[in-house]
Amino acid sequence: MRAARLIKMVLLLQSRPTMTASELARELEVSERTVTRDAQALSEAGVPVYAERGRAGGYRLVGGYRTRLTGLGRGEAEALFLSGVPGALREMGLEDIASAARLKVSAALLPSLRDAPRTAAQRFHLDAPAWFREPAAPALLPVVADAVWDDRCVSARYRRGESEVVRELEPYGLVLKAGVWYLCARVCGARATGTGTGTTGAATGAGAFRTYRIDRFVGVEIMEDRFSRDEGFDLPGFWGEQAERFARSILRAEVVLRLSATGVRNLPYAVDPVAARDALAGVPEPDATGWVTVTLRVESEEVAHTQLAALGPEAEVLSPATLRERFTADAIRLTELYGRRGG
């Protein structure tokens, strides 16, 4: 533990001209007294750590000293690619590994480039969770993440409705969608048979890849067995197909409506983007008034009523008749409301 801290201290001093004892203590999560002892230990080991006293003083490395301890380990290199999602790293238990990797990269940079990590962080930040919800990392996420990194099968118990199901799974990848964690996996020992393409999400049966919400796991045990990863599996492609398939699966009703040119432009912002894309594919020529008629798949009449209300007078529902009646009643109420105010 102390050896790792001493290495981190050297890397910190190598990446910055001078650091005070309080700055080092904060970075290393120790007391200033421990920083003093660690600096003495490094000096006795031949690392030229020099302490400058006074208001502008601090610790620094003498004579342009460069350590050779900047080679990235595999875990550090992999974690570095996730550095743009700090919350996700923290939830998976990889924050310390990523911090060490960033330090090594900073220490290896030329002095003129050492502010690159800071300037990049000031300009770009990815905030994955959705608005208006308090993100809560599933308790079993770090265990699942360890299995994903190590290609180890897991024995998982998860909730399915009112019951619990036990499966031995090959955990291929994790996805963070709007603050919710999902595992993409398949049953241990199974092989997909139905695709012939790089994405195996379309396969069915025992070899199919499936998605599991991590917060529905009630128990996860990492097994000794490692699985042979299918190199043809494409996690982003699989997730994209799954997300689109799910979106279409809940669109069980149809609405026929007329749209103005403004309505056509605004439809993707009012309804599900997949449904809007399907409805507007091959849109016919506008009629004499400049409006077009499309068929839109929706989750339900109630949902369609809420979504299409956002289009206001730029959309006219033709069918089903019950939905048209809802908008007719809305129009009458609005006329009465605004007519009374205006009078």
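This is a predicted model: local features need pLDDT of at least 70, side-chain atom pairs count only at pLDDT 80 or more; totals for chains, interfaces and linings use all residues.
View 1. With a relative accessibility of 1%, Arg186 counts as buried, because the term applies under 20%. This arginine, Arg186, belongs to strand β5. The side chain of Arg186 forms a polar contact of 3.2 Å with the side chain of Tyr172.

**View 2. Tyr172 with its charged and aromatic partners.** Over the ring of Tyr172 sits the charged end of Arg229, at 4.7 Å from the ring centre. Tyr172 is also a member of a cluster linked by ring pairs, together with Phe209, Phe227, Phe233 and Phe238. The polar contact between the side chains of Tyr172 and Arg186 belongs to this view as well.

**View 3. The aromatic pair Tyr182 and Trp239.** A pair of aromatic rings is described by the distance of the centres and the angle of the planes. Ten aromatic pairs are found in the whole structure. In the pair of Tyr182 and Trp239, the ring centres are 5.1 Å apart and the planes meet at 45°, so the arrangement is tilted. Because Tyr182 lies in strand β5 (residues 180-187) and Trp239 in helix α9 (residues 235-249), the pair ties together parts that are 57 residues apart in sequence. Both Tyr182 and Trp239 are buried.

**View 4. Cysteines Cys153 and Cys184.** Cys153 has a relative accessibility of 6% and therefore counts as buried. Cys184, at 0% relative accessibility, likewise counts as buried. A search of the whole structure returns zero disulfides.

Methods
Residues are numbered from 1 along each chain as its sequence is written. Side-chain values use heavy atoms; hydrogens and water are left out. Rings of Phe, Tyr and Trp (its six-membered ring) pair if their centres lie within 6.5 Å; planes under 30 degrees apart count as stacked, over 60 as edge-to-face and the rest as tilted. Helices (H or I, at least four residues) and strands (E, at least two) are DSSP runs, numbered from the N terminus. Buried means under 20% relative accessible area, exposed over 50%, partly exposed in between (1.4 Å probe, protein chains only). A charge sits over a ring if NZ of Lys or CZ of Arg is within 6 Å of the ring centre and within 35 degrees of the ring normal. A polar contact is a pair of N or O atoms within 3.5 Å; within protein, one must be able to donate a hydrogen and the other to accept it, and residues adjacent in sequence count only if both atoms are side-chain atoms. A disulfide is a pair of cysteine sulfur atoms within 2.5 Å.
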